[in-house]
Amino acid sequence: MKPAPFEYVAVDSWEAAVAALTDDAQVLAGGQSLVPLLNRRLLRPTRLVDINGIPGLIRRTDGVLRIGATVRQAALERSVVAEHWPLLRQALRHVGHPATRSRGTVGGSVAHADPRAELVCALTALDARYETTERVVEGPPVLAPRELLVRIELPPLPPGAHTAFVEHARTRGDFADAAAAVVLAPHHAAIAIFAAGRAARRAPAAERALRDGATVAEAAALAAELVDGDHPRALVAEVTRRALVQAGHA
Amino acid sequence: MTWDELLAHPRSRDADGVLTVLEEIDDDTGSAVYRRGGESHTVRRIGQELDVHVLHGEVVDEAAAKIKVPGTFRLAAAGVAAAGLAWLATRRRA
């Protein structure tokens with residue numbers, strides 16, 4: 001199928017993008033999620049605002065990484081600057097396939113708000129802040145109408161940090177059933193998980209337990225308590241256990 | 001092209017229509033990465049004057065040329081500079 005008719009507007013600035021948005025407009029970035037929805041006519045916007053003309057930049061200043069919303073996933077994956085945040089690359093390897101990552105944008109992954117988005121899970125473990133055209137929020141933003149995600153900001157990792165990302169997907173490249181992103185450093189532990197259709201979230205009880213010297217199995221069990229159902233709980237426990245081991249937890 | 005110009009024009013096309021896209025800036029190390037023709041290239045800022053002579057490889061500026069360096073490095077730098085000047089010449093024809 002082909003999309004229903006729509007008006008196409010290409011912009012080259014965030015101000016122009018906001019001005020071009022109407023109540024039933026959709027924003028086109030990488031199009032890896034939007035275009036299939038358009039083709040199947042699950043979405044019928046009257047206007048498509050193309051923001052690919054807005055330059056996306058990966059920039060590190062004073063140890064803080066800022067990722068423009070229109071940065072391609074592939075650009076972040078091969079980024080030299082982002083090597084200081086290895087969890088990003090570890091998670092991006094699981095996002096779709098190289099062909100989709102070459103077009104898909106970082107901001108698109110966040111704005112699309114699929115609860116199974118690997119990149120959002122990693123960003124949650126990295127304490128990301130999100131800057132929109134209207135505000136700055138700590139967690140993944142729920143965008144209001146005519147609000148656009150502009151950039152994502154990551155603080156530096158603690159000294160000596162090790163990271164890992166593990167997921168369970170029935171088919172490689174498909175959305176995962178469960179995933180865990182882990183950041184471990186002396187006196188620091190961050191675990192983000194998602195499963196069972198619920199969006200990524202931190203596991204504070206497991207993080208506290210790790211800082212207090214809990215074993216891998218104990219921390220994984222605490223993280224698994226965040227999800228409902230025996231099978232999702234078992235999946236989360238296992239991916240968390242594997243991620244903690246990969247991150248070097250004894 | 002200067003460093004500031006490089007940052008001010010994150011996307012540009014040369015006379016042949018090849019797109020150059022600035023992808024990364026590391027202010028902490030004074031380096032940038034741009035994408036051209038399917039390849040990534042690193043540009044490094046040297047000194048306070050950010051005169052970028054060469055985009056295909058390491059930036060060589062006039063201040064750096066005054067620094068005493070071994071002959072091998074001078075030869076390599078001259079080669080890289082020649083390639084950069086050739087590239088700049090194609091841009092000026094645009």
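Q: With which residue does the side chain of Arg146(A) meet in a salt bridge?
A: This is a predicted model, in which local features need pLDDT of at least 70 and side-chain atom pairs count only at pLDDT 80 or more, while totals for chains, interfaces and linings use all residues. Residues are numbered from 1 along each chain as its sequence is written, chains are lettered from A and ligands numbered from 1 in the order in which they are written, and side-chain values use heavy atoms, with hydrogens and water left out. A salt bridge requires a side-chain nitrogen of Lys or Arg within 4 Å of a carboxyl oxygen of Asp or Glu. At 3.0 Å, N to O, the partner of Arg146(A) is Asp23(A).

Q: How many salt bridges are counted between domain 1 and domain 2 of chain A?
A: An automatic or database domain assignment divides chain A into domain 1 (7–50), domain 2 (58–154) and domain 3 (162–246). Contact (heavy atoms within 4.5 Å) links 12 residues of domain 1 of chain A to 13 residues of domain 2 of chain A. Between these two domains of chain A, the salt bridge count is one.

Q: Which three residues of domain 1 of chain A lose the most area to domain 2 of chain A?
A: Buried area is the accessible area (1.4 Å probe) that two parts lose on being put together, summed over both. Domain 1 and domain 2 of chain A bury about 1100 Å² between them, with 71% of it on carbon and sulfur atoms. Together giving 49% of what the domain 1 side buries, the three residues are Trp14(A), Leu21(A) and Gln32(A).

Q: How many salt bridges are counted between chain A and chain B?
A: The two chains bury about 1300 Å², of which carbon and sulfur atoms give 40%. In one salt bridge, Arg78(A) pairs with Glu23(B), the closest N and O atoms being 2.6 Å apart. The salt bridge count between chain A and chain B is four.

Q: Is Asp26(B) buried or exposed?
A: The residue belongs to strand S2 (residues 19–26) of chain B, strands being DSSP runs (E, at least two residues) numbered from the N terminus. Leaving aside neighbours within four places in sequence, Asp26(B) is in contact with Arg60(A), Val81(A) and Ser31(B). Buried means under 20% relative accessible area and exposed over 50%, with partly exposed in between (1.4 Å probe, protein chains only). Because its relative accessible area is 5%, Asp26(B) is buried.

Conventions. Helix = DSSP H or I, 4+ residues; strand = E, 2+ residues; numbered from the N terminus.
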